[in-house]
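Here is a chain to go through by question and answer.

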Amino acid sequence: MVSIIVSSSALPTRSLNSFPTHSERSNKLTSLSWTSSFPSINISINSFTLPPAPSLNKGPFVQAAWTRRSRGEAAKQPNRKSWKQRTDMYMRPFLLNVFFSKKFIHAKVMHRGTSKVISVATTNAKDLRNNLASLTDHNACRTIGKLIAERSKEADVYAMSYEPRKGERIEGKLGIVLDTIKENGIIFV
């Protein structure tokens, strides 16, 4: 009976951090089985060391986890909204909209997220149309401001915001409406 014993000393040994030299590669046993393609590694628990972690620092600069996009990156994605545009409807959810025409004044408070109308007041309504002398004067502005404030409080809305349009000044009739709303206990955020 013939037995063949292959000892582990016949196979080349090396540490985990070193690559095989040319002479070690040429001394490998040649075999046609797929198991011979795996290197044999002798690992002992006492001598096991971890390979060094790769260094991510490239020079004197420290990489941040998140950075603001540069203008060039913002130009590449023009449809992406800014942080203020994305969070404003949650920070200031109730928006006052005031419209002045030659015949009447219309004001409403809307929830930005759901587009639900919270309160509406207009001088074109039946109860105000017959009681007011003029539907567009300063007295009508005060009446609209008072009604908006009362109806908003009924809906548990005590803070709202007003965003003036481009080039619009908060003065005159608009200033009177906003001041009347403030006087009746609504906070502008």
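Core, helices and sheet

Q: What makes the largest nonpolar core of this predicted model a core, and which residues have the most contacts inside it?
A: A nonpolar core is a set of buried residues of nonpolar types joined through side-chain atoms within 4.5 Å. The largest such set has 25 residues, and L96, V98, I144 and I148 have the most contacts inside it.

Q: Which elements give two or more residues to this core?
A: They are β1 (94–100), β2 (105–111), α5 (138–154) and α6 (172–183). The largest share, 6 residues, comes from α5.

Q: Why is T180 called buried?
A: Buried means under 20% relative accessible area. T180 has 9% relative accessibility, so T180 counts as buried. Its place is in helix α6.

Q: Which residues is T180 in contact with, leaving aside its neighbours within four places in sequence?
A: T180 is in contact with R142, G145 and K146.

Q: Which other residues of α6 are buried, and what do the buried residues pack against?
A: Besides T180, the buried residues of α6 are L174, G175, I176, V177, L178 and I181. The buried residues of this helix pack against β1, α5 and β5 (187–188).

Q: How does the span of α5 compare with the expected value?
A: α5 has 17 residues and reaches 25 Å from first to last C-alpha, close to the expected 24 Å. D156 follows α5 and has a positive phi, near 60°.

Q: Which residues of α5 are buried, and against which elements do they pack?
A: A140, C141, I144, G145, L147, I148, A149 and S152 are buried. The buried residues of α5 pack against β1, β2, β3, α4 (126–131), β4 (159–160) and α6.

Q: What is I148 in contact with, leaving aside its neighbours within four places in sequence?
A: The contacts of I148 are L96, A107, K108, V109, S119, V120, A121 and I181.

Q: Why are β1 and β2 called paired?
A: Two strands pair if there are at least two bridges between them. β1 and β2 have 7 bridges and run antiparallel, so they count as a pair. In β2, K108 is the bridge partner of N97, and a hairpin of 4 residues joins the strands.

Q: What makes β2 and β3 a pair?
A: At least two bridges are needed. β2 and β3 (residues 117–122) are joined by 5 bridges and run antiparallel, so they meet the definition. V109 has S119 of β3 as its bridge partner. β2 and β3 form a hairpin with 5 residues between them, and S115 in the turn has a positive phi of about 60°.

Note on methods:
Residues are numbered from 1 along each chain as its sequence is written. This is a predicted model: local features need pLDDT of at least 70, side-chain atom pairs count only at pLDDT 80 or more; totals for chains, interfaces and linings use all residues. Side-chain values use heavy atoms; hydrogens and water are left out. Buried means under 20% relative accessible area, exposed over 50%, partly exposed in between (1.4 Å probe, protein chains only). Contact means heavy atoms within 4.5 Å. The expected span of a helix is 1.5 Å times one less than its number of residues.
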